[in-house]
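Thank you all for coming. Please have a look at the sequence and the structure as they come up, and then I will go through a few places in turn.

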Amino acid sequence: MKAQPSASHYINGAYVEDDHGQSLEVIYPATGEIIAHLHSATPNIVERAIGAACAAQEKWAKLKPVERGRILRRAADILRERHAQLARLETLDTGRVIQETLADPAVAANAMEFFGGAVACFYGDYVDLGGPFGYVRREPLGVCVGIGAWNFPIQITAMKAAPALAMGNAIVFKPSENTPLSALALAEIFTEAGLPDGLFNVVQGFGDVGEALVSHEMVAKISVTGSVSTGRRASGLAASKLKHITMELGGKSPLIVFDDADVKNAVAGAMMANFYANGQVCSNGTRVFVQDGVRERFLEQLTERTKKVRIGDPLDPETQMGPLINKAQHRKVLGYIETGKAEGATLLCGGGIPRLQGFDCGLFVEPTIFADAKDSMTIAREEIFGPVMTVLSFRHEDDVIRRANDTEFGLAAGVFTCDLSRAHRVIAELQAGTCWINTYNRSPVELPFGGHKQSGIGRENALAALSHYSQLKSVYVETGNVVNPF
Ligand code: NDP
């Protein structure tokens, strides 16, 4: 299985190679097969990408928003036409099952459509000053840098590129070194859609390339999707030059199931909140708090359904769960499972490596459920980023709110209850940027997405993202004589 792109980087509308860069092997996590060989960017590549972005941005910013939007909407059409091919590429790159990745190009297309349309009505303001007046222009920032994680590569790339480009910026994107392929495919699509050269550039590399981009003096804005530690490091570098930032970071989110919840839906929600993308989702509700009265029924149904999850060949449309991204993540997740057992949580199901014919080297982990967990346990405090659900019990609403908020993270939260008042009351108390009532992990482009506390700064999606890729200019217009005290 090969997925070799024409070259490692995409700069100024064309593929570019520099084989002096550190070698970067792309591995299909289901088999361990090397599917592409790339090179990490050298300083020369970084300079070329930023230089191309600087050169292209000014002219792009002068186009009418509706003209910029038209190109993004064309890119959306191509993404939809090519969804099967892109989904396969995403599966090879991430190991996520084709059942899931078939949805990803459409999510990227939604971002292109939404921002391509919305930007034309994302006006500044007119301010009546009683004779004189003011107006506020929304202007682009210039060259933006996007840095992506490996779980949803094409979605993450599109969620940064679409608002940045719509607002008149240029962007240099560095995918995770684990999943470098779909950003290149998106670059080709942008060129085909008519995006002028230099506005969307892809450079590959490890953390050092990310740092070089983040620190570059010509870069005005950084948007990182990654772990809290990477976010802190990148924010620190950006702060030293007062750059704009958006940080989409990790989480350990609570999902609260009250006694009066629809149990079937709550179980479905908890599974979505822990096993989708093989558990590698930043907003996952990995601390599932279940009220005492419903606990038994909930665990029974949850275990029964989880045992039926089909795990195996990611390219088989029937498969529901695939492998984890890389060996380090596999080791880490298995390590957390051992810690969960050692600290006294009850392993209800999973916990092991499934035996799958033809996938001996695959990085699979069974969907795993721990019950009887305590808040102090490692599995209830740290982000695992794998298919490991931790179920905790509670009796009273006040108590569960306090416990749900007892974490440095604040990315997401969910509540299952049929009591309308309670649903809104509890959500209002939860310290999280992205919340769900009676569902989990639905993130349409129309709603802002992002975290409170250590889970991030700024927002992706919705008009909020256009704000984060623009700056304001206030203009005072005098209609009379200049007031002069001298
Ligand atoms: P990492 O933080 O390890 O990496 C994220 C990106 O940052 C990668 O492209 C990485 O490059 C790059 N990077 C690493 N070090 C630096 C640095 N010093 N300066 C600039 N860039 C750097 O995260 P993962 O890729 O492992 O993704 C998992 C994490 O991402 C989890 O914590 C998860 O919760 C979070 N995440 C958050 C999301 C959100 O929207 N809030 C969505 C998805 C994931 P390289 O890979 O080459 O090291």
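Let me start at the ligand, where one of its nitrogen atoms is 2.7 Å from a polar backbone atom of Leu-249. Please keep in mind throughout that this is a predicted model. An oxygen atom of the ligand lies 2.6 Å from a polar atom in the side chain of Thr-230, and a backbone N or O atom of Gly-226 is found 3.2 Å from an oxygen atom of the ligand. Around the ligand there are 27 residues, and the closest of them are Gly-148, Glu-177, Ser-227, Thr-230 and Glu-383.

From the ligand I would like to move on to pairs of helices.

Take H2, which covers residues 65-81, and H6, which covers residues 153-166: their axes come within 9 Å and cross at roughly 160 degrees. Angles over 145 degrees count as roughly antiparallel, and therefore H2 is roughly antiparallel to H6. The crossing of H2 past H6 is left-handed. On the H2 side the contact is made by Arg-68, Leu-72 and Leu-79, while H6 brings Ile-154, Ala-162, Leu-165 and Ala-166. What kinds of residue make up this contact of H2 with H6? Six are nonpolar, none is polar, and one is charged.

The next pair is H10, residues 263-275, and H11, residues 292-307, which pack at an angle of about 55 degrees with their axes 9 Å apart. H10 and H11 are therefore oblique to each other, and H10 passes H11 in a right-handed crossing. The residues of H10 in this contact include Val-263, Met-271 and Phe-275, and those of H11 include Phe-298, Leu-302 and Arg-305. Sorted by kind, the contact of H10 with H11 has ten nonpolar residues, two polar ones and three charged ones.

Finally, consider H14, residues 397-405, together with H15, residues 420-429, whose axes come within 10 Å and cross at roughly 35 degrees. Here H14 passes H15 in a right-handed crossing. H14 contributes Glu-397, Ile-401 and Asn-405 to the contact, and H15 contributes Arg-422, Arg-425, Val-426 and Glu-429. How many residues of the contact between H14 and H15 are charged? Four are charged, alongside two that are nonpolar and one that is polar.

Note on methods. Residues numbered from 1 in each chain as written. Predicted model: local features only at pLDDT ≥ 70, side-chain atom pairs only at ≥ 80, totals over all residues. Heavy atoms only, no water. Axes fitted to C-alpha atoms, helices over the stretch in contact; angles between N-to-C directions. Helix = DSSP H or I, 4+ residues; strand = E, 2+ residues; numbered from the N terminus. Parallel < 35°, antiparallel > 145°, perpendicular 65-115°, else oblique. Left-handed = near helix turned anticlockwise from the far one by under 90°. Contact = heavy atoms within 4.5 Å. Nonpolar A, V, L, I, M, F, W, Y, C, P; charged D, E, K, R; others polar. Near = heavy atom within 4 Å. Polar contact = N/O pair within 3.5 Å; in protein donor to acceptor, adjacent residues only side chain to side chain.
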